[in-house]
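Please walk through this structure with the sequence beside you. The text below goes from charged pairs to metal sites and ends with a surface patch.

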There are 2 protein chains.
Amino acid sequence: NPLLVKNTTEFNNAVKNANPGDVITMANGVWKDAELVFEGNGTADEPITLTVEEKGKVTLEGASNLQLAGEHLIVEGLVFKNGYTPTNAVISFRKNKKEIANNTRLTECVIDNYNNPERHVQDYWITIYGKNNRIDHNHIVGKKNLGVTMIVGLDTKESVANNHKIDHNYFGPRPTFGNNGGETLRIGTSHHALENSNTLVESNYFDRTNGEHEIISNKSCQNTFKYNTFFECTGTLTMRHGNETLVDGNVFIGNNKPSTGGVRIINESQTVINNYHIGLTGYRFRGAFVMMNGVPNSPPNRYVPVIDSKLNNNTFVNCEHIQLCAGSDAERSQAPRTSEISENIFYNENPKDIFTVYDDISGITFKDNILGQNNTTSIQEGFEKADITLVKNEQGFLIPTSDKIKNKITISPKIATKENTGTTWYSKEDKTVALNSGKTITVESGINTLYEATKNSNPGDILVLTSGETYLLTKAAKIKHPLTIKASGKDKPIILFERMMALEIQNGGSLSLDNIKFDGASAPDYAGNAVISTSKKSMIENYKLFIDNCEFTDFVVNHSFDVLRVSKGTFADTISIQNSKFKNITGHITALDKETDDIGAYNVEYFIMKNNTVTDVQGAALRLYRGGKDESTFGPFLEIEHNVFNNVGFGKKNKYQAAMSLYGVQVNDIKNNNFNNTNGLKMHLVVGEPIVNVVNNNYYKSGKIEVSGDEKYNIENLFNIAPTFK
Amino acid sequence: NPLLVKNTTEFNNAVKNANPGDVITMANGVWKDAELVFEGNGTADEPITLTVEEKGKVTLEGASNLQLAGEHLIVEGLVFKNGYTPTNAVISFRKNKKEIANNTRLTECVIDNYNNPERHVQDYWITIYGKNNRIDHNHIVGKKNLGVTMIVGLDTKESVANNHKIDHNYFGPRPTFGNNGGETLRIGTSHHALENSNTLVESNYFDRTNGEHEIISNKSCQNTFKYNTFFECTGTLTMRHGNETLVDGNVFIGNNKPSTGGVRIINESQTVINNYHIGLTGYRFRGAFVMMNGVPNSPPNRYVPVIDSKLNNNTFVNCEHIQLCAGSDAERSQAPRTSEISENIFYNENPKDIFTVYDDISGITFKDNILGQNNTTSIQEGFEKADITLVKNEQGFLIPTSDKIKNKITISPKIATKENTGTTWYSKEDKTVALNSGKTITVESGINTLYEATKNSNPGDILVLTSGETYLLTKAAKIKHPLTIKASGKDKPIILFERMMALEIQNGGSLSLDNIKFDGASAPDYAGNAVISTSKKSMIENYKLFIDNCEFTDFVVNHSFDVLRVSKGTFADTISIQNSKFKNITGHITALDKETDDIGAYNVEYFIMKNNTVTDVQGAALRLYRGGKDESTFGPFLEIEHNVFNNVGFGKKNKYQAAMSLYGVQVNDIKNNNFNNTNGLKMHLVVGEPIVNVVNNNYYKSGKIEVSGDEKYNIENLFNIAPTFK
Ligand SMILES: [Ca+2]
Ligand SMILES: [Ca+2]
């Protein structure tokens, strides 16, 4: 009985009266603020179906969501976009803890950027409860706020040993979240780690799902991961809790992108076989393969030591890091036992030992592994070298081939591809616009000409200001999309501004500044001005900021006048400041210390500062803060090289009295800088084996380098030479 | 030539072609995003006029503003509301630094709550430049974001000795801003302190203009303030910079409201005569009269010592504090010289010495002052006691009357009243809705019944939950206006919630909770939950939160689970927590430490915590932070009395390892509390003569009281007794 419903009232009536075999069809159009509950009892032969008039033409927008309850239901073709769920899930396989969906199929549904605009307010997109449910051919892309994209919940006995099948879904790009809670799939929780879930995750495509370093967080027992493809994912399939996991026949493609990883093993009786890995560069917990140390007598929700686990018959091509006994520390002191690494192929084109061993590996049996002809390992046995060539197979994979490889390496025809996952009718095209990809637009000098040009620009455009001319902004120019502002010639154009900021990066914006001079003389006489600021509201989109060959001078109309002022709830993929001059400033160059809740959040992933001169700055050149002890992220990454700091950080209002204060920064490269008559460098090392290289810096009449926290660091070649300035 | 214009294009044409004597009339309706430039050259006899079709029916909304330039212009009847200026002023008497308006009148215009939604983004409402301008009968109410309401600018020579007249304006309520930049009128700036402004400010009504403690900030020479009324203003008319000010015949009515003040003198040749003050309670820089110490050889923009100034023939009825040599410290060491206080009447009904003397007053001549019969003073001469009775005059003022008062005290008929200021056609009615002023609504228990009731409530309503019943919120209830939630009977109803917060106070909201129990068991398993949170966006409206007789237990699903979580850019007038229980919590009770820019901002004015028991809380009971050294505000005010703290503040993630950390708090009353097995109290005293009374507390097996900073404090009667709990 197909029945067309046009609004929520008709939908509710139809649901109330539905019998086995009925089909409820949602009419084309936008369903706004539709909180749908689809409940009923179909039968195996006669399910109750919820479908749409035409696929792609029914969208749920605004504060919409869907709850499922009952037996033998089918849902297909719904699209959620332009809004976000008012509850903690977009689609939930239960109405409440007691009314749950079983034997239910969710297929060809789309959730596209359906994000709460508050970056740090949590929700899930799909929560799976009950038993025998199938979630297949869905298209799930662009989750950007806090919370796992899809979870399998085990919090009542009605949901354990569930026998769910999650297959042929397209998990589209999820950008770096910058905190815990950016996983794409989680099965179970630490509270139910020892329950059997028996969930099959098969033939799904994970396309740059980069929220955090756990792409998949397995937290229950007896789950299977087969034929999934992980494309350029900056994390791993992690067996975080629970035992008897099978990871079989998956493909991990890194394309040499930074931080791409493979599989990470914790717990017991884990089996990792027949997987293919290529071009994975990640290290630490994001290695191509990671077998961790555990906590002796660990409770199930901490780090259970690895035993009875194996890595067998896997292929690693041009992967950079295999990490054994990873995470070894005072607490995680138990090395793996009765485990094996056997019949795997480790091949790198370049000479390299890709194995890092952090503790005793005598509990791991190494057997019949093959190593590329150029490659080495300090592991004493279980490896044989082979003369390997890479041969492209008909699926396009580079297959290591050698006399010594007896069984030809094959990739299952069931392997997920972009084509065989998701729907056929919803585009997987990447809509990201790059900086400098648009039109070049000349902007005349004058009052608010730059404001108008910014307002009328399109994503990727390049605004060219006339060299040497002056541009006054009486309104803050709002950067709503990727935009470049550059000079027409060699001399810098000058930007003056009357508001508390010249340029405001808003949600979706990115900015590149090239050969521009900013002058603070017209700014209002209030504390807290900034040349560039982010939106004061949460920004769900990550942004990029490039400053090259620019000049920032005379920001002194009041105290605390910063160059860049960011807000809580904003996150930069990259902030790069190069070849620029900063002089006579009452505030900071950059204060990236707004995430003060100490729950692991921070404001920037990559911060780069090279070849700049920074003179007479009362505040800090940099404050960078990552509070808390969360291990889900590996940033911020910091490079400070070849800068001159001259009289920086001595202002009375510079609370920490440091030219740079770095708290919880995980990678610190500070090299070849000249510090003259400048306040100190304060560094607090918290968590996650931070990498600290403070090398070849000259400190003359300058404050100390103070390091606190309990992590290792490296300070080398600290000079003390009077610099001469020309 | 009257000319009706219907849109910006017609307006621009009309302006372009306007001749002396022309009248341009804006058509009725909403003018949205109208950035108007009204420029032209009229003559004294034939000005060019901009008016409206019908007063009150022409509104400028959205991103609208007005710039004036030229000679002999008149603007009347414009209303700005529902939006905010895109530039740094709503109405400006110049187009740019060179094109300025002179001989121009702005009359009967309205600016009503035309606020940038970002509390800390600055703008002005009216900026006056040029010469001989008159600003009269305007209605200016509800500025809530950063920035002085009205300024007279002197930044070019075309604007000095300006002879402006600012008269009969109605300055309606401006709430406490919680930072510098909440002044209502400023004339000049510190950079132009020694320029003559020659501005007359006459017969204006200042109605609860409480932005900060400078209601008027006089920062130039030779200005006159006459016949103005200051009604319940929590600040003073301050002669901050510049000399030769005349303050004559004004009225200050405090009605015994906290922090109400009168006149504050700094600099030279200031004359304060014939003013009437009643019921002013303010102290420190907000006294009924304040004469400050100065800095020897001060630059004009610091604190110039008081000389040749006088307070003559003023009346003070029931005022609490006269402050002489106020602000005396190591830097401000110069007492007033060659000044006089003469022929004033100081009368208080109650026995009291209202004079506080902070330094040497030998430079002040006291002469012929009259003191009430009950009143005393330590000042040796110049006072005579008189038997005074208060007699109500025909204007309604209580006039001290006595044989000894020779000249009858009169109030000028020109004195500003609510009636003779502003316009006749725009209501001055107060639209504020109080808590508990609305309907009582019964809410059934169940899922989201409270969410729906909150959504459908009206300002002031009281939601009554059934005692002992359970209310589940799967959506956060949004508090958009003043709302009370209470129990129907003695037993507490229980609220559970599935989002990161149960209740979210949004802009315009206030909340009173009475006899309610909250349980955290259903909250999501993420760090950073809270029972009550403010909007994560900036809130331009101050809010109030009252928690009485409530219970908060078991907030432990993850770490950092707070009871109250506020955001940067939000400000509470009052947070009061009384007679409540808190137990088993991983986060803080209240962390009011989100204004981390160190520019004087903070999150709450009055914080009260009385008669509570706080047990097993990993975070802090309170963090309160006011960074920076700004002297424009006197908050936060803190009262912590009769609480029991038991095992509080020892969580690993409680960064400061304190049960309470107080930074820059200006009034600290911590009395009669019982601290048992609890972490310490950290207090940093920064600025503004903080008042610190830590009295009669019992500290048993608890952390220390650590006080830093260079201000005085009082810790008395610290006991060390093992408490017994029943
Ligand atoms: Ca995680
Ligand atoms: Ca001020």
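A residue is called buried when its relative accessible area is under 20%, exposed when that value is over 50%, and partly exposed in between. The model is a predicted one, and the terms just given apply to it throughout.

Start in chain B with Lys144(B). Its relative accessible area is 12%, so Lys144(B) is buried. Its salt-bridge partner is Glu541(B), and the closest N and O atoms of the two are 2.9 Å apart. This pair links distant parts of the chain, 397 residues apart: Lys144(B) sits in the loop between strand 16 (139–141) and strand 17 (150–152) of chain B, and Glu541(B) in the loop between strand 54 (530–534) and strand 55 (543–548) of chain B. Glu541(B) has a relative accessible area of 26% and is therefore partly exposed.

A second salt bridge in chain B joins the side chains of Lys55(B) and Glu76(B), with 3.8 Å from N to O. Lys55(B) belongs to the loop between strand 5 (48–52) and strand 6 (58–62) of chain B, whereas Glu76(B) belongs to strand 8 (residues 73–76) of chain B, so the bridge ties together parts that are 21 residues apart in sequence. Both ends are partly exposed, because the relative accessible area is 36% for Lys55(B) and 21% for Glu76(B).

Salt bridges also run between chains. Lys475(A) forms one with Glu35(B), where the closest N and O atoms are 2.6 Å apart. The pair crosses from the loop between strand 47 (470–473) and strand 48 (477–479) of chain A, which holds Lys475(A), to strand 4 (residues 35–41) of chain B, which holds Glu35(B). On the chain A side, Lys475(A) has 6% relative accessibility and so counts as buried. On the chain B side, Glu35(B) has 33% and so counts as partly exposed.

How many salt bridges does a search of the whole structure find over all chains? The search finds 76.

Glu183(B) comes from the loop between strand 19 (170–171) and strand 20 (185–187) of chain B, and Ser632(B) from the loop between strand 63 (622–625) and strand 64 (637–641) of chain B, so the pair ties together parts that are 449 residues apart in sequence. With 4% relative accessibility, Glu183(B) counts as buried; Ser632(B), at 7%, counts as buried too.

The calcium ion (ligand 1) is coordinated in chain A by Asn180(A) (OD1), Glu183(A) (OE), two OE atoms of Glu212(A), Glu214(A) (OE) and Ser632(A) (OG), at 2.4 to 2.9 Å. Around the calcium ion (ligand 1) the six donor atoms subtend angles of 50 to 159 degrees, which makes this arrangement irregular. Its donors are spaced N-x2-E-x28-E-x1-E-x417-S along the chain. Glu183(A) is buried, with a relative accessible area of 5%, and Ser632(A) counts as buried at 7%.

Back in chain A, Thr149(A) lies in the loop between strand 16 (139–141) and strand 17 (150–152). At 5% relative accessibility Thr149(A) counts as buried, and its side chain makes a polar contact of 3.1 Å with the side chain of Arg174(A).

Tyr713(A), Ile715(A) and Leu718(A) make a nonpolar patch of about 270 Å². Of these residues, Ile715(A) is placed in strand 72 (residues 714–719) of chain A. Ile715(A) is partly exposed, since its relative accessible area is 33%.

Technical notes. Residues numbered from 1 in each chain as written. Chains lettered and ligands numbered in written order. Predicted model: local features only at pLDDT ≥ 70, side-chain atom pairs only at ≥ 80, totals over all residues. Heavy atoms only, no water. Helix = DSSP H or I, 4+ residues; strand = E, 2+ residues; numbered from the N terminus. Buried < 20%, exposed > 50% of the residue type's maximum accessible area, 1.4 Å probe, protein only. Donors = N, O, S within 2.8 Å, 3.2 Å for Na, K, Ca; no water. Tetrahedral: all angles 85-135°; square planar, octahedral: opposite > 155°, others 65-115°. Patch = residues over 30% accessible without salt bridge, like charges linked within 9 Å, V, L, I, M, F, W, Y side chains within 5 Å. Areas by Shrake-Rupley, 256 points an atom, 1.4 Å probe, with all protein chains shown as cover. Salt bridge = Lys/Arg side-chain N within 4 Å of Asp/Glu carboxyl O. Polar contact = N/O pair within 3.5 Å; in protein donor to acceptor, adjacent residues only side chain to side chain.
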